[in-house]
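Biologist: Could you take me through this structure step by step? I would like to begin with the terms.

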Amino acid sequence: MELHSIEVEKSPFCRYGSECWDVKLKFFDPENGLRAKRVFRFTIDVSDRTPVTLGEVRSWAVSK
């Protein structure tokens with residue numbers, strides 16, 4: 001799998017008083033164009049000097 005794109009959006013889920021962003025990494029199979037892309041999404045709290053991930057990484061397959 002190879003990286004296709006990176007998307008960042010404000011997260012609807014966050015700890016009170018924090019600033020959280022969802023990062024989505026989309027991957028594709030360069031050897032098989034018919035295979036579904038795979039998306040991995042994780043939430044990062046950037047309100048402190050050191051960013052912290054929240055929750056678990058979620059993943060799912062998407063069509064083209």
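Modeller: Strands are DSSP runs of at least two residues marked E, numbered from the N terminus. Please keep in mind that this is a predicted model.

Biologist: Thanks. Where does serine 11 lie?

Modeller: Serine 11 lies in the loop that runs between strand 1 (2–10) and strand 2.

Biologist: Is serine 11 buried or exposed, and why?

Modeller: Serine 11 counts as buried because its relative accessibility is 9%, and buried means under 20%.

Biologist: What is serine 11 in contact with, leaving aside its neighbours within four places in sequence?

Modeller: Apart from those neighbours, serine 11 is in contact with Cys20, Trp21, Asp22 and Thr43.

Biologist: Changing topic: in what order do the strands form the sheet?

Modeller: Four strands form an open sheet in the order 1-2-3-4, with antiparallel pairing. Strand 1 and strand 4 (52–62) are the edge strands, each pairing on one side only. From one strand to the next, the twist averages 20°.

Biologist: How many bridges join strand 2 to strand 3?

Modeller: Eight bridges join these antiparallel strands, strand 2 and strand 3. In strand 3, valine 39 is the residue that lysine 26 stands opposite.

Biologist: And how many aromatic pairs does a search of the whole structure find?

Modeller: The search finds one aromatic pair. Phenylalanine 27 and phenylalanine 40 form this edge-to-face pair, 5.8 Å centre to centre with 80° between the planes. The pair links distant parts of the chain, with phenylalanine 27 in strand 2 (residues 20–28) and phenylalanine 40 in strand 3 (residues 37–45), 13 residues apart.

Biologist: Why does phenylalanine 27 count as partly exposed?

Modeller: Phenylalanine 27 counts as partly exposed because its relative accessibility is 21%. Phenylalanine 40 also counts as partly exposed, at 30%.

Definitions and conventions: Residues numbered from 1 in each chain as written. Predicted model: local features only at pLDDT ≥ 70, side-chain atom pairs only at ≥ 80, totals over all residues. Heavy atoms only, no water. Phe/Tyr/Trp six-rings, centres within 6.5 Å; stacked < 30°, edge-to-face > 60°. Buried < 20%, exposed > 50% of the residue type's maximum accessible area, 1.4 Å probe, protein only. Contact = heavy atoms within 4.5 Å. Pairing = 2+ DSSP bridges. Axes fitted to C-alpha atoms, helices over the stretch in contact; angles between N-to-C directions.
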